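Please look over the sequence and the model, then read the notes below.

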Amino acid sequence: MQRIIFLTLFLLVCTINSFAQVTAIKAGKLVVPETGTTLTNQIILVEGSRIKAVGADVQIPAGAKIIDLSKSTVLPGLFACHEHMAFLIRRQGPERGSLFFYDLTHTNAERAIHGVVNARDMLASGFTTIRDVGNDANYVATDLRRAIDQGLIPGPTIINSGRIIAPFGGQYFLNPERRELGAPEYFFADTRDEMRKAIRENIHFGARVIKIVVDDQRYIYSVDDIRFMVAEAAAAGLKLAAHCVTEAGARNAAEAGVTSIEHGFEMSDEVLAIAKKNNVVLVGTDFTEKAWLAYEMPAELAKRFHDRSVDRLKRAYKIGVTMAFGSDLIFWASDETRGTWTMSQIDSLVEAGIPPRDILLEMTTNAAQLLGVEKTRGAIKPGLFADIVATPENPLDNINTLKQVNFVMKNGKVFKQ
Ligand SMILES: [Zn+2]
């Protein structure tokens, strides 16, 4: 009897699979970031959640659903690699722009609601995969990822870091009578045992990448500390992202061979060269001046920070450091969503003279490799998940067209059309 039930179920599953919905996308232009080329009049066949075929002479099977994007440019879904979904800070709020006060004045439930809205808005702007690098209200990003994967809410594929691991104090300035207030935003990990424990707990609670803060205190992680954590993360198959704002911090991270340096605002040419040699990816998170001003930074500082970013971007590009796009935007302002604000950050790359093709690589191929999903996402190829977006113009001619993504498909499901 059991055998018969099993056999019936097996046949049922086979039948459902063989009838998976086939969709044919007619792409007027198809951009391939990997080669920097544009193909014309392509057919993309999508079966279920995956791409089945791509080409000019692909036959459209009878009964396929047709999506006509013949007047648009089609490209792989975009990536943003330094995001914080459950984080929305305001100068006007009770936190007055302070990360520390923000944690004290907002519940994790409120931050989860913001996470749901931010994830939806990121997808609407064309970001089909993101890396969430912590400050995530006690693993909200793990729950977001699960809810999105289960189809409960719309959002990108999320690679999340869980709690940020940092030397004592993290990114705070604590009161010695309230030293417990670092949790749940940070694991304070100073000894090797604490580092190992923090990494293992994070992985247990759903982290898919490890994020460390190297240098927000006077005492910073050494090259050996960082190497130890890179190895411990790698032993469980995870990569490691290192927040570095100082030259000394970035130098230690680059020498230790982290997967990515986040921010790296003060990297000298010498440290950029070490990063290049050790295949360290730079996720620059370079705010536009407009974004700094929207964050209510005084005008003179906004200009100085932005100029510093553009200078470092130019030097990193010239030296040939692999870069991936990531915004670090943690606010909404002036009728923009988290998605539109994030996309506006390409202005900094344009200002630094980075060509459109390289910007696309930062948002697709390079990013997919950084996140370790290059075998399943980041390109429009048979066998990969159907993460596909479209723009009115060809971004290789006008990169600003990315701000008008008018079609979004994720895992073969149309979200925006
Ligand atoms: Zn950040």
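What radius of gyration would a compact globule with 417 residues have, and what does the protein chain have? A compact globule would have a radius of gyration near 22 Å, and the protein chain has 22 Å, so the two agree. The model is a predicted one.

**Overall form**

- The C-alpha trace of the protein chain spans about 70 × 60 × 45 Å along its principal axes.
- Its secondary structure consists of 14 helices and 16 strands.
- Among contacts in the protein chain with a separation of 6 or more, 67% are between residues 24 or more positions apart.

**Surface and charge**

- Of the 417 residues in the protein chain, 54% count as buried.
- The protein chain has an accessible surface of about 18100 Å², and carbon and sulfur atoms account for 55% of that surface.

**Strand β1 and its partners**

- Strand β1 covers residues 22–32, and eight of its eleven residues are buried, so the strand is largely enclosed by the rest of the structure.
- Strand β2, residues 37–47, runs antiparallel to β1 and is joined to it by ten bridges.
- Within this pairing, Val-31 stands opposite Thr-38 in β2.
- The hairpin of β1 and β2 has four residues between the strands, and Gly-36 in this hairpin takes a positive phi near 70°.
- β1 also pairs with strand β4, residues 65–76, through seven bridges, and these two strands run parallel.
- Lys-26 has Asp-68 in β4 as its bridge partner.

**Pro-356 in helix α13**

- Helix α13 covers residues 356–363 and contains Pro-356.
- Beyond its neighbours within four places in sequence, Pro-356 is in contact with Pro-395, Leu-396 and Ile-399.
- Pro-356 and Ile-399 are 43 residues apart along the chain, while their C-alpha atoms are separated by 5.7 Å.

Terms used: Residues numbered from 1 in each chain as written. Predicted model: local features only at pLDDT ≥ 70, side-chain atom pairs only at ≥ 80, totals over all residues. Heavy atoms only, no water. Rg over C-alpha atoms; globule rule 2.2 N^0.38 Å. Buried < 20%, exposed > 50% of the residue type's maximum accessible area, 1.4 Å probe, protein only. Contact = heavy atoms within 4.5 Å. Areas by Shrake-Rupley, 256 points an atom, 1.4 Å probe, with all protein chains shown as cover. Pairing = 2+ DSSP bridges.
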